[in-house]
Amino acid sequence: MSARRSLVWLGLTPEPEQELPAAVAALRSPAVGRPPSALVAAERHRVERLVLRGTQRGWLRYLREVTDLVVRAAGSRTTDPKAALLAGEVVLDHHRMLIGLPGAGYDRTALQRHELERALARLRERPEPALVGPSEPWSAI
């Protein structure tokens, strides 16, 4: 590692490393529901590699991919919104914290913050899935 490589971005928050692998795997998975464990493991490995050996620029490129997945999910009626909400909130919080770091990271993520805010609003407005069967146990009596 060169002496010029800035590591200040690594101190922001651990939530992306902890929360994103499973959420992103769910967004990348073709099937609704729990993503395959191999897909989660691959995503976890990618995040680990970025954090341990990557740069802030590479990390922000990855978060751009996550933003695109969240925006796509917000426009889809077939995607389970839970994973998209989690991923979007984690990335948006991360991008908001960039304001406290030196460099242009905060300015470079301005468009993503705007896209995430809009996507999260759409996901939150989505109606809850309808319950199958009676919603109250005594309604069949």
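This is a short tour of the chain, stop by stop.

Before you start, know that this is a predicted model, in which local features need pLDDT of at least 70, side-chain atom pairs count only at pLDDT 80 or more, and totals for chains, interfaces and linings use all residues. Residues are numbered from 1 along each chain as its sequence is written, and side-chain values use heavy atoms, with hydrogens and water left out.

**Stop 1: the whole chain.** Show everything as a cartoon. You will find six helices and zero strands (helices are DSSP runs of H or I, at least four residues; strands are runs of E, at least two; numbering starts at the N terminus). Of the 141 residues, 38% count as buried (under 20% relative accessible area, with a 1.4 Å probe and protein chains only).

**Stop 2: H1 and H2.** Select residues 15-28 for helix H1 and 37-53 for helix H2. Their axes, lines fitted to C-alpha atoms over the stretch in contact, lie 8 Å apart at an angle of about 135°. On a scale of 0 to 180 degrees between N-to-C directions, H1 and H2 are therefore oblique (not under 35, over 145, or 65 to 115 degrees).

Now show side chains. Which residues of H1 meet H2? Look for Glu17, Gln18, Pro21, Ala22, Val24, Ala25 and Arg28; contact means heavy atoms within 4.5 Å. On the H2 side, their partners include Leu39, Glu43 and Val47.

**Stop 3: Arg72.** Select Arg72 in helix H3, residues 56-74. Arg72 is exposed, at 56% relative accessible area (exposed means over 50%).
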